[in-house]
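This report goes through selected local features of one protein model.

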Amino acid sequence: MSTGKNVKLHAMADAFSDRLENSYSSLSRGKAGKSKIEEGKGFGGALDVPPERRFVGLDAYRRILDSGIDIAILTGPPGYRPLHFERAVEAGKHVFMEKPLASDANGVRRILAANAHARELNLKVGVGLQRHHQASYQEAIRRIHDGEIGRVVSMRCFWNGGPPAKTAIPRDEMTELEYQVRNWYFFDWLSGDHICEQHIHNLDICNWAKQGLPVSAEGMGGRQVRTDKRFGNIFDHHAVIYTYADGTKMHSYCRQIPGCQKIVAEQIEGTQGRAELGTSNCSLVRHDGSGSTTPLWSTPR
């Protein structure tokens with residue numbers, strides 16, 4: 001699989017024609033500050049999607065896989081991700097798929113089985129957990145794994161902010177299925193709720209630092225301000241304590257309530273120090289047990 005100047009967007013698919021055409025129009029125009037593509041010129045020769053290769057409907061994923069593509073980019077609602085991934089692997093396509101990979105346990109099992117098949121076929125699969133590709137996180141995690149703050153003994157992670165950048169679409173004359181798919185973020189069977197759809201980034205960092213997965217979890221959540229039925233059935237706040245096999249605890253908090261303190265970060269406590277991690281800055285300090293700390297490393301300014 002090669003990348004570079006020879007890569008072209010060959011086909012597009014969406015459940016809804018207006019969403020597809022809006023996406024195509026946006027790609028055609030380009031967006032200043034979002035890429036090196038000049039504003040107004042779009043993606044130029046890299047965009048080659050005539051009307052006959054713009055597929056619409058819930059079954060559009062089948063047609064796009066038969067359209068001559070080499071790489072499938074799966075960015076639809078997470079509830080459909082296992083199905084789309086299974087079919088892409090069966091069709092022999094390399095895959096990039098956004099997180100999360102599923103919205104329930106059965107979906108996760110389907111993803112794992114399809115990924116095993118992808119390995120057998122030597123297909124390449126990437127996932128949109130972008131902090132793994134951020135130099136500051138890579139260096140911070142390397143230092144944690146090298147023991148610079150000692151053994152990891154507890155972790156905290158946060159995605160506490162205001163409402164998501166999602167607007168509930170009115171029902172109008174839509175069927176129930178169309179209504180929920182258009183408002184996928186607000187229905188847990190499609191999004192997994194925002195602890196899964198958004199807070200996954202922070203949970204992923206803690207698992208990365210710990211080099212393992214929790215074995216149990218207990219928590220709570222609810223709807224404090226986002227109570228209208230137009231917001232589906234997801235919560236607006238969660239608090240969960242995860243426990244790893246060695247007894248280490250990870251305290252997890254995510255909230256989408258306006259007017260409250262905002263924090264998106266991970267805090268890793270070790271026997272000899274602490275790591276403060278975030279997309280804008282990462283740092284490690286060592287403590288000597290007396291309350292004083294010594295800086296070990298931080299993201300270059």
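## Asp172 and other positive phi values

Asp172 counts as exposed because its relative accessibility is 61%, over the 50% cut-off. Asp172 sits in the loop that runs between strand 6 (152-161) and helix 6 (176-182). Its phi is positive, about 50°, although the residue is not a glycine. The model is a predicted one, and the values here are computed from it.

Asn122 is another non-glycine residue with a positive phi, near 60°. Asn122 belongs to the loop between helix 4 and strand 5 (125-127). With a relative accessibility of 54%, Asn122 is also classed as exposed.

## Confidence

Averaged over the protein, pLDDT is 93, and 93% of the residues reach at least 70. Residues 32-36 are a stretch where pLDDT stays under 50. For this stretch, the model has one contact beyond four places in sequence.

## Cis peptide bond at Pro100

The peptide bond between Lys99 and Pro100 is cis, with omega at about -15°. Pro100 is located in the loop between strand 4 (94-97) and helix 4.

Beyond its neighbours within four places in sequence, Glu197 contacts Lys99, Pro100, Trp184, Tyr185 and Ser191. Glu197 is buried, since its relative accessibility is 11% and the cut-off is 20%.

## Helix 3 against helix 4

Two packed helices are described by the angle between their axes and the distance between the axes. For helix 3 (residues 81-90) and helix 4 (residues 105-120), the angle is about 15° and the axes are 9 Å apart. An angle under 35 degrees counts as roughly parallel, so helix 3 and helix 4 fall in that class. Their crossing is left-handed.

On the helix 3 side, the contact is formed by Arg81, Pro82, Leu83, Phe85, Glu86 and Val89. These meet Gly107, Arg110, Ile111, Ala114, Asn115, His117 and Ala118 of helix 4. By class, the residues of this contact are seven nonpolar, three polar and three charged.

## Val125 in strand 5

Val125 is a residue of strand 5. Leaving out residues up to four places away in sequence, Val125 touches Phe85, Val95, Met97, Asn115 and Ala118. Among these, Phe85 of helix 3 and both Asn115 and Ala118 of helix 4 also take part in the contact between the two helices.

The relative accessible area of Val125 is 32%, which means that Val125 is partly exposed. From Val125 to Ser136, 11 residues apart along the chain, the C-alpha separation is 23 Å.

How many residues of helix 9 (residues 200-210) are buried? The count is 11 of its 11 residues, and the helix is mostly covered. The buried residues include charged side chains such as Asp204 and Lys210, and also Ile200, Leu203 and Trp208.

Helix 9 packs with helix 5 (residues 135-145): their axes come within 9 Å and cross at roughly 35°. Helix 5 contributes Tyr137, Gln138, Ile141, Ile144 and His145 to the contact, and helix 9 contributes Ile205, Trp208 and Ala209. Six of the residues in this contact are nonpolar, two are polar and no residue is charged.

## Tyr242 in strand 8

Tyr242 lies in strand 8 (residues 237-243). At a relative accessible area of 15%, Tyr242 is buried. Setting aside its neighbours within four places in sequence, Tyr242 is in contact with Ile195, Leu203, Pro214, Ser216, Ala217, Thr248, Lys249, Met250 and Ser252. One of these, Leu203, is itself a buried residue of helix 9.

Tyr242 and Arg119 are 123 residues apart in sequence, and their C-alpha atoms are 30 Å apart in space.

Technical notes
Residues are numbered from 1 along each chain as its sequence is written. This is a predicted model: local features need pLDDT of at least 70, side-chain atom pairs count only at pLDDT 80 or more; totals for chains, interfaces and linings use all residues. Side-chain values use heavy atoms; hydrogens and water are left out. Axes are lines fitted to C-alpha atoms, for helices over the stretch in contact, and angles run from 0 to 180 degrees between N-to-C directions. Helices (H or I, at least four residues) and strands (E, at least two) are DSSP runs, numbered from the N terminus. Angles under 35 degrees count as roughly parallel, over 145 as roughly antiparallel, 65 to 115 as roughly perpendicular and the rest as oblique. A crossing is left-handed if the near helix is turned anticlockwise from the far one by less than a right angle, and right-handed if clockwise. Contact means heavy atoms within 4.5 Å. Buried means under 20% relative accessible area, exposed over 50%, partly exposed in between (1.4 Å probe, protein chains only). pLDDT is the predictor's confidence in each residue, from 0 to 100.
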